[in-house]
Amino acid sequence: MIRLLSAVSDARRAGAVRRYLAALFAFALAQGAAYALLVPILRALFAGEPSRAWPWILALGWAAVVCAVLQYTQAVLGFGVGLDLSRALYHRLGDTLAGLPLGWFSTDRTGRLGRMVTQGVTQVMGVPAHLLQPLVTAYVTPAVVVLVTLATDWRLGLALAVGGALLAGTYRIAAGLTGRADRAVDDAGVTAGGRVVEYARAQAVLRAFGRTSGGYAQLDDALRAQHRAGRRLITGTVSGQAMNALAVQATYTAVLVLGVRLALSGTIGAADLVAVLVLATRFTEPLVLAADLGGALRIGANSLRRFADVFATPTMPEPAESAVPGAPTVELRGVAFGYDDRPVLRDVSLTVPAGTMTALVGASGSGKTTVTRLIARFFDVDAGSVLVGGHDVRDLSTEALMGQLSMVFQDVYLFDDTILGNIRVGRPAATDAEVADAARLARVDEIAARLPDGWDTRVGEGGTRLSGGERQRVSIARALLKDAPIVLLDEATAALDARNDAAVSAALRSLAGRRTLLVIAHRLATIAAADQIVFLRDGRIAEVGTHPELLAAGGDYARFWAERNRAGGWRLAGAGER
Amino acid sequence: MSTLPTFDVWRPVRVRLWVAGLLQAVSSAAGLVPYLAVVELARRLLAGGRTGLWTWVLVAAVALAVRAATTGLALTVSHLADADLQYHLRSGIARRLGTVPLGWFTAHTSGEVKKAVQDDVHSMHSLVAHAALDIVAAAVTPVLALGYLFWVDWRMALVTTATLPVYLTVYAVLVGGYQKKMAEMNAAIGRINTAAVEFVSGIAVVKTFGGTRRASSRFAAAADDFADRFRSWVGPMTRWEGAAQTTLMPVTVLTVVLAAGTAMIGSGTLTPANLLPFVLLGLGFGQPLLTLGFGAAALREARAAATRVRTTLDTPPLPVPATPRVPDGHEITFRNVTFGYAADAPVLHDVSLTLRPGTVTALVGPSGSGKSTLARLLPRFFDPDSGTVTLGGVDVRDMDPAELYRHVGLVFQDVQLLRTSVRDNIRLGRPDAADDEVRAAAKAAQIHDRITELPDGYDTVDPVLSGGEAQRVSIARALLADTPVLVLDEATAYADPECEAAVQDALSTLVAGRTVLVIAHRLHTVTGADQIAVLDDGRIVQCGRHPDLLAADGLYRRLWDSLEDR
C-alpha cells in the first residue's frame with residue numbers, strides 16, 4: 001500500500017508522506033506506551049495502595065497529551081497528504097497522457113480513464129485519513145503491548161506474540177480467499193456486463209425477432225452465472241472474516257486459560273494477571289478493526305494500482321532535438337506493423353510527393369486506416385520507417401510532426417464549446433475571416449443556420465448536440481483552418497450524408513494542388529481524380545498507379561472499379577417493376 | 001390497461017435483513033460477555049479466591065464462540081440476501097427494459113444501461129450486506145455496555161462518558177458547516193470531473209492541433225483550483241475534527257477513568273475490582289461512531305444508487321393492450337400523425353401516408369426532415385403523440401407486440417450481431433429453423449460462402465466480419481424471419497463500400513414481394529420505388545413516382561438537381 005502510494009506520488013510529495021507516516025507511527029507507539037502504564041497503575045490499585053498509583057497516572061496524563069498532539073498532527077497531515085496525493089495524481093496524469101502515443105487512446109480506454117479520474121481520485125484522497133491510520137495502529141500498538149506483556153510475564157507475552165503471528169497468518173490466508181473470490185466475481189461481472197450492453201444495443205433486433213418476451217437466454221445465463229459467483233464469494237469473504245475473528249478470539253481465550261492456570265499455580269500475581277488481561281483487550285481491538293477495513297483498503301489500493309498502471313505505460317520516445325521537416329512529402333519504407341500479435345501491414349513502401357493527391361483504396365481490414373495512423377505516429381512501426389518532410393517521424397518532436405499534418409478521421413471529438421470555438425481549435429490565432437472561410441467551405445454555415453444560437457451554439461460534451469455527419473463537417477473545417485502542408489483524410493462516413501459529401505468535395509477541391517493529400521477514398525470521383533492510387537490487399541500493396549494505368553492493367557483495381565460502378569447504378573425495384 | 005405497481009427495491013430480502021440484524025444483535029451482546037468474565041475472574045482472583053475461575057473462563061470461551069458463529073451467520077445471511085437481491089434486481093431491470101418503448105434506448109446509451117444493471121446494483125452492496133449490521137452493532141454494543149457500567153457504578157459511568165458531549169457538540173457544528181459547503185463542493189467536484197472527462201476524451205484532438213501543453217495545464221489548473229478550494233473549506237474543519245477526536249481517544253478516556261477511579265478508591269468509595277469494567281469497556285465508545293462515519297459515504301452512494309435502480313425499474317413500459325387485435329392484411333396507414341421527442345418540439349406534423357401491400361415506399365428529404373423518425377413509428381420505437389399508425393386496419397398500439405413483430409421486420413444500418421454462433425444469429429427470429437433453411441437464407445443473402453470460410457463455419461461464435469458481411473448476415477436473418485412488412489434503412493447498402501454490390505444484391509432479394517418502407521439517403525437508389533414521399537421539416541410535401549416528382553417543380557427536383565453532379 002505504502003509502496004503504491006509512493007509509486008503514484010512524486011519525489012516532491014515524498015517528504016510530506018514520510019512526515020505523515022512518522023506522525024502515524026509515533027502516535028501508535030505513544031498509544032502502546034500509554035497502555036503499558038496500565039500495568040503499574042493497576043498493580044498499585046490492586047495492592048490497595050492508590051497513593052502509589054498517582055505518579056503513574058500523572059505519567060499517563062502526559063502520555064495522553066503527547067498522544068493527543070500526535071493524533072491531531074497526523075489527522076491534519078493526513079488531510080494534507082490526501083489532498084496533495086490527489087493533486088499530484090492529476091498532475092502526473094496530465095503529464096503522462098500528454099506523452100502517450102495517440103494510438104493508446106481507444107474509446108474503451110478513454111472511457112475507463114474518465115471513470116478512473118472522476119471516481120478514483122476521491123477514493124485515493126481518503127486513503128491516508130480513513131485507512132492508513134487504523135492499519136498502522138493495528139500493527140504498531142499491539143506490538144508495544146506484546147513487549148510490555150513480555151516484560152511483565154514472559155509466558156503470557158509469548159502467548160500473545162504467538163497469537164499475533166497466528167493472526168498475521170490467518171489474515172493473509174483470508175485475504176487470499178477473498179481475493180480469489182473477488183476475481184471470480186469480477187470476471188462474471190465483466191461477462192454479464194458485456195451481455196447487458198449487447199442486450200441494450202440489440203434491443204430493436206431482439207424485439208423485432210420476438211426474443212424479449214420470454215427473456216433473452218444469453219443475458220439470463222450470464223446474470224445467473226454472476227449470481228452464482230456472487231454466492232460463492234460469500235463463502236470466501238465470510239469464511240475469511242470468520243477466520244480472522246476466530247483467530248483473534250482463540251488468542252484471547254488461550255491467554256485467559258494460560259493466565260488462570262498460572263494464577264492457580266501461583267506463578268503470577270493476581271494483580272499482574274488482571275493487568276495483562278486488560279492489556280490483551282487493547283491488543284485485540286485494533287486487530288479486529290483492521291480486519292474489517294481490509295475490504296475498503298483493497299478498494300483504495302485498486303484505484304491506486306489503476307493509476308500506477310497508467311503511469312507505467314511506456315510513453316512515445318521523443319527525440320532530444322527535433323529534426324526540421326523539409327518539403328511536405330510522405331514516405332513509407334518497408335513498413336511492417338501489427339496490433340499485438342496480429343500483423344496488419346507487411347513490407348509497405350509508398351511515396352506521396354509534395355502537392356499531389358494519393359488515394360488509398362482497398363477492402364475493409366486491408367490496412368488503409370493503419371497507414372494514416374502510422375504517418376501521424378499513433379503507433380511506431382515494427383520494422384521499416386515512416387518519413388514526413390524527409391525525416392523519420394521518430395526524429396521529429398510531436399509538435400514538429402503535428403505541425404505538418406491536418407487530419408480528418410472517422411471518430412470526431414468536439415469540445416463542449418461553441419461551434420466557432422471548436423473550429424478555432426485548428427488554429428487559435430486565426431482571424432475571424434479565416435475561421436468563417438473554413439466554416440463555409442466545410443458547409444458548417446448550414447449547421448449554424450439551423451441552430452438556435454447560430455455560431456455561438458454550444459455543441460455539448462463530445463459534440464452530442466450535432467449529428468455524426470455534422471460533427472465531421474466541423475472537424476473538416478478545423479482541419480482546413482489549420483492549413484498544414486500535409487492532409488490525411490478518411491472519407492468513409494462522408495458517403496452517407498449528401499451534405500457531408502459536398503463538404504468533402506469542396507475541401508478536397510480547395511486543397512488539391514496546394515497541399516499534399518493522402519485520402520482513404522471511397523467516392524469514385526476522388527479516386528479517379530487522384531494523382532496516384534495505392535491499392536491495398538491484406539496489408540500489402542497490390543497495385544500502384546494512375547486510374548487509367550490501373551484500369552488498363554486489368555488487375556485487382558480494375559475488378560474493384562467495375563464492381564463499384566455496378567453498385568453505383570443499383571436501385572431498389574418497386575412492385576411496379578417486378 | 002393497468003400501470004404496474006412501483007417496485008419496492010427491498011421487499012424480496014426484508015425478512016432476511018431482519019434476521020441478519022437480530023443475529024448481529026446477539027453477536028454484539030455476546031461480544032461483551034468476555035469482558036464481564038474478565039471482571040468476575042479479577043474479582044475472584046483479587047479476593048484471593050480459587051473457586052469458580054474455570055466457570056468464567058468457560059463462559060468467556062462460549063461467548064466468543066457464540067459471537068464468532070453469529071457474526072458469521074449474520075454476514076452469510078446478509079450477503080446471500082445481497083447476492084439474491086442483486087440477481088433479482090438485475091433480471092428485473094432486464095425484464096423491464098425488454099418492455100419499455102424502443103425509443104428509450106435511443107435516449108439512453110448502452111453504457112447507461114450497463115451502469116444501471118451492473119454498477120448501480122453493485123453499489124447497493126454496502127447498504128444491503130453491511131449497513132444494517134453496522135448500525136445494529138453500533139447501537140447494541142454501547143447501549144448494553146453503558147447499561148452494565150451504570151449498574152456497576154453510576155458515578156464512574158458518568159465520568160467515562162464525560163468527554164462524549166464535547167465531541168458530539170463539535171461534531172454537530174461541523175456537520176452543519178459541511179452541509180453549508182456541500183453544494184459548493186459538489187459544484188467544484190463537477191467542474192473537475194468535466195475538465196477531466198474533456199481532457200481525457202479530447203486529448204487526441206488536442207495533440208493533433210499541438211495544444212497539448214495548454215490543455216494539460218488547463219487540466220492541472222482545474223485540479224489545483226479544486227485542491228485549493230477543498231483545502232480552504234475542509235481544512236479548518238479537519239483541524240476542529242482532529243482536535244475533537246482527541247477527546248474520544250482511548251488514551252484520553254483511560255486517563256480520565258483511572259484518575260477518577262484512583263481518587264474514589266483512595267477515598268474508599270470504589271473497590272479496585274469495580275474499576276475494571278470501566279477500563280475494559282469504557283474506552284471503546286468512540287469507535288462505533290467513527291466506524292459509522294466512515295461507512296456513511298458508502299451508504300450515501302448506495303442510497304443514491306438504490307434511487308437510480310428504482311427509477312430504472314419504474315420506467316413506464318410500452319402499454320400492452322388488454323385484448324390484442326390481429327391485423328387483417330398488410331396495408332399500412334399513417335393517419336394525421338404528429339410526434340416529437342420533446343413535448344413542445346414536434347418532429348412530425350400531421351403526416352398521412354398509405355403503403356399498399358407488396359409495394360415499395362421510399363421516404364426522402366434533407367437530413368433532419370423526419371424520415372427516420374416516421375419509419376420508426378411503425379415498429380413502435382415510439383408511439384405518436386396524436387394520430388394513428390395502423391397495420392392491416394388495426395392500430396399498432398392495439399396489437400400484441402409479438403404479433404406486430406411477426407409482421408414487421410427491420411434491417412438497419414447499425415447491425416447487431418449477438419455473441420452466439422452465426423447459425424443462432426441467422427435464426428434469431430425462428431429458433432426452430434432447420435439447418436438447410438438457415439443455409440438457404442445465407443445463400444440468398446450472399447453470405448453462405450463467407451460463413452463456410454470461418455473457422456467453425458456456421459458454429460463460429462463472434463466471428464470477425466466486415467461491416468458489409470455483418471449486413472448480409474442481418475439480411476439473412478430477415479429473410480429467414482420472413483415478415484411480410486419490412487422497414488429498411490437504405491444506407492445499409494453503403495455500410496461497407498468495398499462490398500456494397502453484394503449487400504445490394506442481397507437487399508434486392510429481400511425486398512421482393514414484401515411491403516417495404518425504406519429510409520432513402522440517395523435518390524437514385526429509390527427511383528424505381530412505387531411511391532416516394534418527400535419530407536421537409538416533418539411534413540410530407542410531395543408524394544408520387546419518380547418521373548412525376550421530377551416533372552413537378554418542387555423540393556424533389558431541387559434535391560435531385562443538387563445531387564446530380566456526383
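Strands here are DSSP runs of at least two residues, numbered from the N terminus. I am working from a predicted model.

**Entry 1, Leu360(A).** I looked up where Leu360(A) sits and found it in strand 3 of chain A, which covers residues 357-362. Setting aside neighbours within four places in sequence, I listed its contacts as Lys368(A), Val371(A), Leu518(A), Val519(A), Ile520(A), Ala521(A), Val534(A) and Leu536(A). I also took the C-alpha separation of Leu360(A) and Leu572(A), which is 30 Å for two residues 212 apart along the chain.

I turned to helix 1 (residues 14-46) and helix 10 (residues 272-281) of chain B, whose axes lie 9 Å apart at an angle of about 155°. Helix 1 and helix 10 of chain B are therefore roughly antiparallel, as angles over 145 degrees count as such. Their crossing is right-handed. On the helix 1 side of chain B I noted Tyr35(B), Val38(B), Val39(B), Ala42(B), Arg43(B) and Leu46(B), which meet Pro272(B), Ala273(B), Leu276(B), Pro277(B), Leu280(B) and Leu281(B) of helix 10. By class, this contact has eleven nonpolar residues, one charged and no polar.

I looked up how many residues the two chains bring into contact, and the answer is 124 from chain B and 125 from chain A. Helix 2 of chain B (residues 53-97) gives the largest share of the chain B side, 21 residues. I recorded that side by class as 66 nonpolar, 42 polar and 16 charged residues.

Conventions. Residues are numbered from 1 along each chain as its sequence is written. Chains are lettered from A and ligands numbered from 1 in the order in which they are written. This is a predicted model: local features need pLDDT of at least 70, side-chain atom pairs count only at pLDDT 80 or more; totals for chains, interfaces and linings use all residues. Helices (H or I, at least four residues) and strands (E, at least two) are DSSP runs, numbered from the N terminus. Two residues are in contact if their C-beta atoms, placed from the backbone, lie within 7 Å. Axes are lines fitted to C-alpha atoms, for helices over the stretch in contact, and angles run from 0 to 180 degrees between N-to-C directions. Angles under 35 degrees count as roughly parallel, over 145 as roughly antiparallel, 65 to 115 as roughly perpendicular and the rest as oblique. A crossing is left-handed if the near helix is turned anticlockwise from the far one by less than a right angle, and right-handed if clockwise. Ala, Val, Leu, Ile, Met, Phe, Trp, Tyr, Cys and Pro count as nonpolar, Asp, Glu, Lys and Arg as charged, and the others, Gly among them, as polar.
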